[in-house]
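Here is a friendly walk through one protein model. Keep the structure open beside the text as you read.

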Amino acid sequence: MSAPTLSLRQLCFTGPGKEPAVVTFSDGLNVIYGASDTGKSFVLEAIDFMLGGQTPLRDIPERVGYDRIALTIAPSNGNPFTLFRAASGGQFQMTEGSHQTPPLGTELKVLASKHAAENPDTLSAVLLSHINLQNRRVRVNKKNETNSLSFRNLTHLCLVDEGDIQKQSSPIEGGQATQRTRELSAFKLLLTGVDDSAVVASATDTAATQSVSAKIDFVDELLESYRSRLEEVVPPDELRDQLSRLETSLDHSQDELQSTEAQYRQLIERRSALRKRVEGGAERRSEIDELLARFALLDNHYQSDLRRLDGIREAGSLVAALSPGVCPLCGADTDHQQLGTDCDGNVDQVIAAAMAESAKIEKLRAELAQTVDQLRGEAQSFDRLLPRLRDELSGVENEIQAQSPDLLQMRTAYTELVEKRATVRAELTFHEQIADLEARREALESASERESTPMNGTTELPSVVLDRFSRTVEAILKAWRFPEAERVHFEEATRDLVIAGKRRGSRGKGMRAITHAAFTIGLLEFCHQNSQPHPGFIVLDSPLLAYREPEGTDDDLRGTDVQDQFYTYLAQWTSRQAIIIENVDPPQSVRDLDSALFFTKNPQRGRYGLFPIS
């Protein structure tokens, strides 16, 4: 008789005035495939969230307006039930049957989101009761202290996202050093069906132990504080890869930005020079007009003076032609006139002086005319030059205006890269601090354990069970026609598989992904064959990464039929459930299944993605 299991039936997002976003599942093989950024990985995140995950859902634009999530689960030993939870998190509600929204007139049972040993009204307690794992205990440290088993202790063994499936560490570990003992105990529980209820914790009630315990509690508080500051848990190796790519992008962006800014500065300097020439030319042109106006007035004065002098000369000639008589100037009679003596009334001298003055003025007029001609020539030169300068200035300003948006965009992109780099560096710093705190915690635990020296301080995995589990995984790899799958065994030191003498974690990320999938599928298969407890379903994101992003020749499966055999194997399942999320299109026989869902990212063809297009 096989152990009771759970099967996911429906995931649904709803919101006021929004078309429900629904994904249905069936027993056996389910495949969600298609283009990137269509919500495939978000399906896994939502399932994890609805199984008690405390990490908030990503705030993607498509989710705006959806405020409730429903997950329908069908236990093999009971009737289907639906869980409801606000998209923002919090407690759960539960009701019998399959629903997209809470049925009217039905009182919903409230379930706490966090596990509590003595509280049966928690999501964890309900789920564990359906797979006969309620009231089980697992070791949490080397002092043989135990905690009540939570369903969250099992989720990493059946829900594997794209980041975890290609990680180098063991598939049974989540990456936190303080959880390694608990994780190994949960793995042992699934393999053997035996929990740690019989384990007795060592009695350590000394003041020194209490001091160490207080320090451990303080370190745990710091760890929780640092982890809460991480926007999302990204493995340090992936963050280092991101940082390396960001540094490369920043160098390239900086070179482009510096080149563009140099061109922009040249345009600005050229515009400034042209503006100075235009302004100086316009100012000089106005000055010339003012000078010409003044010189015209001066020439009028010269002409007036010449006319006056001509009048004096003509009057003098007439006076000289008169017969002798009383002097018109001094009134002297002819007898008393002294014609040989100079006086103010000497007409000839007056005429000579007028002519000399006229000649002087004519010379000044000639010089003035020459100056006016030069100024008019200069004015004509400016009249030809200024329009050309203004056209050139307008062209430069148009170039600046055209280049400004591109430069602004480049500056914004560069700033975003700098900010992203700072964020990644900060997250790496948090990871380093977390690793340091975990090492300190482990050291404190070790010191405490040396004082307590418990008799049974390790979780033992029976070698015969590990051998049978390894043979199960080996049979799966051979069924997939995985290269060199002849020898598979579980290495307790690394808590991972060794395949053909090579550790799983030392392979490329594509090979790590497919072998992680083999481990997870093998665990479910082993539990099914031996009637051991297991949630009964698995969700794998990007197990066939070696077909899409191989790291090298040894990591490339594109020349094999592993993909086809992978799907063929899972398609034979009936009493177990596998949900596969992939970017690579599955074989046509799988695409024809009713349980295959294709996200097209094309509003004109098929289903666009997880969420309907507004």
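## Terms and ground rules

Two strands count as paired if DSSP finds at least two bridges between them. Helices (H or I, at least four residues) and strands (E, at least two) are DSSP runs, numbered from the N terminus.

This is a predicted model, in which local features need pLDDT of at least 70 and side-chain atom pairs count only at pLDDT 80 or more, while totals for chains, interfaces and linings use all residues. Residues are numbered from 1 along each chain as its sequence is written, and side-chain values use heavy atoms, with hydrogens and water left out.

## The six-stranded sheet

Let us begin with an open, antiparallel sheet of 6 strands, in the order β2-β1-β4-β5-β6-β7. At its edges are β2 (21-24) and β7 (109-111), each pairing on one side only. From one strand to the next, the twist averages 25°; axes are lines fitted to C-alpha atoms, for helices over the stretch in contact, and angles run from 0 to 180 degrees between N-to-C directions.

Within this sheet, β1 (residues 6-14) and β4 (residues 68-75) run antiparallel and are joined by 8 bridges. Look for Leu-8, which stands opposite Ile-73 in β4. Helix α1 (residues 40-50) packs on the sheet and touches β1, β4, β5 (81-86) and β6 (92-96), its direction making about 105° with that of β1. Contact here means heavy atoms within 4.5 Å. Helix α2 (residues 123-130) packs on the sheet too, touching β1, β4, β5, β6 and β7, and its direction makes about 160° with that of β5.

## Around Arg-421

Next, find Arg-421 in helix α8 (residues 347-452). Gln-242 is 179 residues away from Arg-421 in sequence, yet their C-alpha atoms are 8.4 Å apart in space. Beyond its neighbours within four places in sequence, Arg-421 is in contact with Leu-243, Leu-246, Glu-247 and Leu-250.

The side chains of Arg-421 and Glu-247 are joined by a polar contact of 3.3 Å. That term means a pair of N or O atoms within 3.5 Å; within protein, one must be able to donate a hydrogen and the other to accept it, and residues adjacent in sequence count only if both atoms are side-chain atoms.

## The three-stranded sheet

Another open, antiparallel sheet has 3 strands in the order β11-β12-β13. Its edges are β11 (488-491) and β13 (502-503), each with a single partner strand, so one side of each has no neighbour in the sheet.

β11 pairs with β12 (residues 496-499) in the antiparallel sense over 4 bridges, and Glu-491 has Asp-496 in β12 as its bridge partner. Helix α9 (residues 463-479) packs on this sheet, touching β11 and β12, with its direction at about 135° to that of β11.
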